[in-house]
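Hello,

Here is the structure I promised to pass on to you. Have a look at it first, and then read my notes below.

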Amino acid sequence: MPKLRFVGGIALVTAVATGCGMTTPSPLAEPPLPSDPTMINYVDPSRVHGLSVQELDGDEHSARRVHAVYPSVADAPLLTEKLRRTVAAHLDRFDKASAADTSRPHSEFNVDWQLAAASDQVIGVRLRIGELLPTGWSEERTTVWYDRVNRRALDSDALLKNGAALAELSRLVKGRLGEWGSRVSPHAVGTDPKTFDSLSFNPRGELVVEFDDSQVTGGSLGRVAVAIPASEAGPLLSATGLRAQQAAAATPETPPAMGSTESLESLKAADTTKLPAQSSKAGSVDCAKAKCLALTYDDGPGPDTGRLLDILAQKGARATFFTVGTNAMAHPELLRRMRQEGHLVANHTWSHRDLTALPINKIADQLKRGQCTVTQAIWQVPTLMRPPYGASDAKVAAVARGLGLSVVRWNVDAEDLRTSDPGTIADRIVSSARPGAIVLMHDVHGATVDATPEILRRLQAKGYTLVTVPELYGSRGMQPGKTYDSAASDASTGTAGSITRALEKQAMP
């Protein structure tokens, strides 16, 4: 049976209709079938002690749309640094290529990650690096390994013994690619270590070799990978490779870890009943009478989110957190804390792609994975989503409506990704504040968290009550598929909202 897999898309109807189930959604944008030998059993990052998520700063509003995240593990600083350098090098190359691109209003660079293995001896981090350039969207896959025994951060080819092992792997891979005829080009596989920059293992110990888009094909066919049986791969492996193989085979196929009082039965009940997410303090403020404003934080959880929650608790303020699925999966405990302390957890997609650049099935995939990740963490289903970069259109609104999600943007922008000065961030928000405003900030940005005490002090001194987004709308409620920029008079019928609804009318019967 051929071992090569070209992974297809997901129908919108499937993404909208099916429940989250009991397992963590696969991080692949287009997940392989369970019988696929190239499928990797990724490790739940919340199980890895000392793991946090780092992000290279992007700019929400420039022509350069960047979202690049990678893990940081406390006892593996060399791994963190190698991942940072790898991502930064790709971003530098992207910047040079996109500078000459005048064919698109926006270029996009996106990095997400998964743990290919994690044990007391080895960690494997798989980076998926995507770029939108004049030639279209393409992805590269790179897996970086850290040998905890030798304390070395390594490229994937270090899983092999030597050059002879690399040559033999090349021969084995060519043989499997050759089974697929003209769809692939086996001759493109040489003995350059860079060809084999994404090596990992499936649960049976088979060596999985992944290729970048178009690396061994005439055009992009999605993820292309082969699996080399353990009996053939074993003799080729170095000591680090054997540790990685053992770690991958030992990875448990279980749902994410939960707190001591949070049973699998309770999680299953939450997924079945689909309880809508809401603040635990909803109804305690009447924003028709009080002077209300909603602070919102995007892209987390991040390294400073816990500190931000401390600050909000001290000041009695509530906020809405639009979390990115890849980050949320690493820190479900922070999402649970948000829920418990009266905040609202909402959907900011799985990996922060510009949804307007995607076909409708991938828009659904991004939102559905975000939904499932939040639901599994807090036992409630989000009712709000924020499109990355604020970019929405008729397709995005239609998918959001199918998933029961209101589209939330903002009318006050802290522009916090453009400055590291907390005072500037605080001044911008306070000077622009109005009753019913929705304020955009980012909890992955340390300066924003530093600015929050002063923001709260000054807003509360002006008589503002800080609530979650749905509380702004009170008895009016919020409708799935509708776009909300603020709760001020006629805010949801402003220019942006009108354009969105006009597009929806054109697209929908």
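Helix α13 covers residues 446–461, and its 16 residues should span 22 Å at 1.5 Å a residue; the end C-alpha atoms are 24 Å apart, which agrees. The expected span here is 1.5 Å times one less than the number of residues. Helices (H or I, at least four residues) and strands (E, at least two) are DSSP runs, numbered from the N terminus.

Before going further, a word on the source: this is a predicted model, in which local features need pLDDT of at least 70 and side-chain atom pairs count only at pLDDT 80 or more, while totals for chains, interfaces and linings use all residues. Residues are numbered from 1 along each chain as its sequence is written, and side-chain values use heavy atoms, with hydrogens and water left out.

Back to α13. The helix bends by about 35 degrees at Thr-452, and a proline, Pro-453, follows within four residues. The bend is the angle between axes fitted to the seven residues ending at a residue and the seven starting there. Ala-447, Thr-448, Val-449, Ala-451, Thr-452, Ile-455, Leu-456 and Leu-459 of this helix are buried (under 20% relative accessible area, where exposed is over 50% and partly exposed lies in between, with a 1.4 Å probe and protein chains only). Their cover includes β11 (292–298), α7 (305–315), α12 (422–432), β17 (438–442) and β18 (465–466), where contact means heavy atoms within 4.5 Å. After α13 comes Gly-463, with a positive phi near 90 degrees.

Next, the sheet. It is an open one of 6 strands, in the order β2-β3-β4-β5-β6-β7, with mixed pairing; two strands pair if DSSP finds at least two bridges between them. Because β2 (51–56) and β7 (152–154) stand at the edges with a single partner strand each, one side of each has no neighbour in the sheet. On average, neighbouring strands are turned by 20 degrees against each other, direction ignored. Helix α5 (residues 239–249) packs on this sheet, touching β4 (107–118), β5 (122–133), β6 (136–147) and β7, and its direction makes about 85 degrees with that of β4. Axes are lines fitted to C-alpha atoms, for helices over the stretch in contact, and angles run from 0 to 180 degrees between N-to-C directions.

Within the sheet, β5 is worth a look: 12 of its 12 residues are buried. In a regular strand the side chains alternate between the two faces of the sheet. Both faces of β5 are covered, with Val-122 and Arg-126 among the buried residues on one side and Ile-123 and Glu-131 among those on the other. β5 pairs with β4 in the antiparallel sense over 10 bridges, and these two strands form a hairpin with 3 residues between them. With β6, β5 pairs in the antiparallel sense over 12 bridges, in a hairpin with 2 residues between the strands.

Where does Val-324 lie? This residue is in the loop between β12 (319–323) and α8 (325–330). Val-324 is buried, with a relative accessible area of 0%. Leaving aside neighbours within four places in sequence, its contacts include His-67, Asp-299 and Trp-350. Val-324 and Trp-350 are 26 residues apart in sequence and 5.5 Å apart in space, C-alpha to C-alpha.

Finally, the whole protein: the secondary structure comes to 15 helices and 19 strands, and 57% of the 509 residues count as buried.

Enjoy exploring!
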